[in-house]
Amino acid sequence: MEQQLNALRQEAEATMAQVAELESLNDLRVKYLGKKGVLTGILRNMGGLSPEERPKIGMLANQVRDVLEELFSLREAELKQKARADRLGREKIDVTLPGRIFVQGHRHPLSLVQEEIEEIFLGMGFQIAEGPEIESDHYNFEALNIPKDHPARDMQDSFYVTEEILLRTHTSPVQIRAMEKLFPSLPVKVICPGRVFRKDDDATHSPMFNQVEGLVVDKGISLADLKGILLEFARQMFGPERQIRLRPSFFPFTEPSAEVDVSCMLCGGEGCRICKGSGWIEILGSGMVHPHVLRMGGYNPDEVTGFAFGMGIERITMLKYGIDDMRYFYDNDLRFLRQF
Ligand code: DAH
């Protein structure tokens, strides 16, 4: 048996030196040292040994096992190291390949213009206020003095969620929310940018578009304040030469109401294709805040007055950049977007 054990050791040592794969090495380990391996096979005959021989052989068997285990581990480390070196040798970097081009993104024209509008009003002491896009009938209509039979409430125009809840059709409800929040402090001086929704879809109307609302409430606010602030806005937005004019109009939430025109930025007022020969271009709706609206916001219309305005960001952007179809804003055509 002593011979058998020594032969086993030699054979195992020789074969493992020839093995080149980790997997085959493992197979060998199982073959020689595994539960049903060669070593176990030899030891099965221990029963036929004399009592003096038994411990000697047992010791030798343990020695052989220990040595072989050690050799297997060493060989395994060697093969692993070799595999790693091979892999590194195969990985090549071609430094002559052209580099990857990273195209830098940038902001959407509507975001740029919204930010520009915000900057102008922040510069005049306004705060930014926000409200929810899913709005109640109360804030979107009722508190703004829009009567039940007003066409704006029609299912044709508004996206209703339930009878009382809808997607806001304008940013004007944020006027009420801002007043409720700021009451009783004065002045209230906020702009409210945000998305609005209407059942509209053509070259100049989209079912989703963006507005900026403005609201100023204080003691002694007059139409002159409205005109002064909006003239300053028009000049910062469209150029220092611009003039504005107020045209009488109607909105339920303002009294009196006015539409504001800016002198044409293309022809300067001479009359051209853009201003359809009139020299003026409408940019927003505005007016003195209706007493009902002030009251709904918590303020006393006998003590304070205010003005409000609302403009479409798409419209301002189209005028500023000479864009003639609103749908460009939402198509995400890079040839369009890259121009800004
Ligand atoms: N809410 C109006 C709209 O969506 C715009 C508007 C007009 C807002 C006059 C105002 C305003 O604050 O005073 O068409």
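**Strands, salt bridges and surface patches**

Student: Which residue in β9 does Glu 213 stand opposite?

Tutor: Glu 213 stands opposite Gly 310 in β9. One caution: this is a predicted model, where local features need pLDDT of at least 70 and side-chain atom pairs need 80 or more, while totals for chains, interfaces and linings use all residues. Numbering starts from 1 along each chain as its sequence is written, and side-chain values use heavy atoms, without hydrogens or water.

Student: OK. How many bridges join β5 to β9?

Tutor: There are 8, and the two strands run antiparallel. Strand β5 covers residues 208-218. Strands are DSSP runs of E, at least two residues long, and helices are runs of H or I, at least four long, all numbered from the N terminus. Two strands pair if DSSP finds at least two bridges between them.

Student: Which other strand pairs with β9 over 4 bridges?

Tutor: That is β8, residues 280-289, again in the antiparallel sense. Here Ser 286 stands opposite Phe 309.

Student: Is β9 buried or exposed?

Tutor: It is largely enclosed by the rest of the structure, because 6 of its 8 residues are buried. Buried means under 20% relative accessible area, exposed means over 50%, and partly exposed is in between (1.4 Å probe, protein chains only).

Student: New topic. How many salt bridges does the structure hold?

Tutor: It holds 17. A salt bridge puts a side-chain nitrogen of Lys or Arg within 4 Å of a carboxyl oxygen of Asp or Glu. One of them joins Glu 69 and Arg 29, at 3.8 Å from N to O. Glu 69 lies in helix α4 and Arg 29 in helix α2, so the pair ties together parts 40 residues apart in sequence.

Student: What distance separates N and O for Arg 195 and Glu 133?

Tutor: It is 3.2 Å. Arg 195 is in β4 and Glu 133 is in the loop between β1 and β2, so this pair links parts 62 residues apart in sequence. Arg 195 is partly exposed at 40%, and so is Glu 133 at 30%.

Student: And which residue meets Glu 142?

Tutor: Lys 148 does, at 3.0 Å from N to O. Shared partners join Asp 137, Glu 142, Lys 148 and Arg 153 into one salt-bridge network. Lys 148 is exposed, at 60%.

Student: Last one. Which residues make the nonpolar surface patch?

Tutor: Ile 134, Val 161 and Ile 165 make it, over about 250 Å². Patch residues have over 30% relative accessible area and no salt bridge; nonpolar side chains (Val, Leu, Ile, Met, Phe, Trp, Tyr) are joined within 5 Å, like charges within 9 Å. Ile 134 is found in strand β2 and counts as exposed, at 53%.

Methods
Accessible areas come from the Shrake-Rupley method with a 1.4 Å probe; for residues, only the protein chains shown count as cover.
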